[in-house]
Amino acid sequence: MDTTQKFTGRAVDYVKGRPAYAEAFLQSLAEEHGFSPGAEAADIGCGTGKFSAQLLEKGFRVYGVEPNDDMRGQAESALGAWPGFRAVKGTAADTTLADASMDLVTCAQAFHWFDPEAFSAECRRILRPEGKVFLIWNLREEDALINREIYRLYASCCPDFKGFAGGIRRNDERICRFFSHGFLYEEYDNPLFYTKETFVSRSLSGSYSLKEGDPGYQTYLQKIHAVFRKYERDGKVEIPNKTVVYFGCI
């Protein structure tokens, strides 16, 4: 199956259930990395525009590159009114952006879908001298009881489940191949809070998730509700989570 179509039909749940990234990281782009308002960012695999929106709020001009029509359409609906946003139909290996046109490349919750070498070559092509790449994930703390239970649920019900964040690991060999000259790592606390509705949508937004009509879907949905009831406090559950960032020049 074409991996760019993995999220077809999941965009609405993605909008409802996927969280934002740690605000402290967004602040660091200006305070530590020196990117000023007006800097041009290519947000590769932008999906429905979750991270693109945060970049726009910080004054960046954002090119949201997304191959999936369903996801990109949601990004255009949400962000099209921003003068600094442009949705682009492209891939990590072929963004369609001009040579040496970007100050930074960001990739939030998407790098594990890419060919590291092809993406690295494309970043070198579109970045200006001294431009940086940031690979970003919201990564659940796997030792937390609720996350361990969610992991078991997905593993038992969803044949395509490979682990949280596509199975990416600290200093994953794919990241090392991408940053062939080395990289830096930072992490930021970013606990997540879900209502029942957003908790269900977060589960259904996964590329691995069962869809309505799939064998076992109703049982899967019942188990998602059961986990929420078990950990719910005052109408919400808390998911221990960090925003993790790998960054460097290419």
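## Helices H6 and H9

Helix axes here are lines fitted to C-alpha atoms over the stretch in contact, and angles between N-to-C directions run from 0 to 180 degrees. This is a predicted model. In it, helix H6 (residues 145-157) packs with H9 at an angle of about 175°, and the two axes are 11 Å apart. Angles over 145 degrees count as roughly antiparallel. H6 is therefore roughly antiparallel to H9.

H6 contributes Leu145, Ile146, Glu149, Ile150, Leu153, Tyr154 and Cys157 to the contact. Facing them from H9 are Tyr220, Lys223, Ile224, Val227, Lys230 and Tyr231. By class, this contact of H6 with H9 has 10 nonpolar residues, 3 charged ones and no polar ones.

## Helices H8 and H9

H9 also meets helix H8. H8 spans residues 196-204 and H9 spans residues 217-231. Their axes come within 10 Å and cross at roughly 135°. That angle makes H8 oblique to H9. The crossing is right-handed.

On the H8 side, the contact residues are Lys196, Phe199, Val200, Ser203 and Leu204. On the H9 side, they are Tyr217, Tyr220, Leu221, Ile224, His225, Val227 and Phe228. The contact of H8 with H9 comprises 9 nonpolar, 2 polar and 1 charged residues.

Tyr220, Ile224 and Val227 of H9 take part in the contact with H6. Tyr220, Ile224 and Val227 of H9 also meet H8.

## Helices H2 and H3

Helix H2 covers residues 23-31, and helix H3 covers residues 50-57. The two axes come within 10 Å and cross at roughly 50°. H2 is thus oblique to H3. H2 passes H3 in a right-handed crossing.

From H2, the contact takes in Glu23, Phe25, Leu26 and Leu29. From H3, it takes in Phe51, Gln54 and Leu55. The classes in this contact of H2 with H3 are 5 nonpolar, 1 polar and 1 charged.

## Annotated domain

UniProt lists residues 43-134 as "domain: Methyltransferase type", in an unreviewed entry. Over residues 43-134, the chain is 33% helix and 28% strand.

## Aromatic pairs

The structure holds 27 aromatic pairs. One of them joins phenylalanine 111 and phenylalanine 178. The ring centres are 5.4 Å apart, with 70° between the planes. The pair is edge-to-face.

This pair links distant parts of the chain, 67 residues apart. Phenylalanine 111 sits in the loop between strand S4 (102-108) and helix H5 (116-126). Phenylalanine 178 belongs to helix H7 (residues 173-178).

Technical notes: Residues numbered from 1 in each chain as written. Predicted model: local features only at pLDDT ≥ 70, side-chain atom pairs only at ≥ 80, totals over all residues. Heavy atoms only, no water. Helix = DSSP H or I, 4+ residues; strand = E, 2+ residues; numbered from the N terminus. Parallel < 35°, antiparallel > 145°, perpendicular 65-115°, else oblique. Left-handed = near helix turned anticlockwise from the far one by under 90°. Contact = heavy atoms within 4.5 Å. Nonpolar A, V, L, I, M, F, W, Y, C, P; charged D, E, K, R; others polar. UniProt positions renumbered as here; feature names shortened; annotations may be inferred. Phe/Tyr/Trp six-rings, centres within 6.5 Å; stacked < 30°, edge-to-face > 60°.
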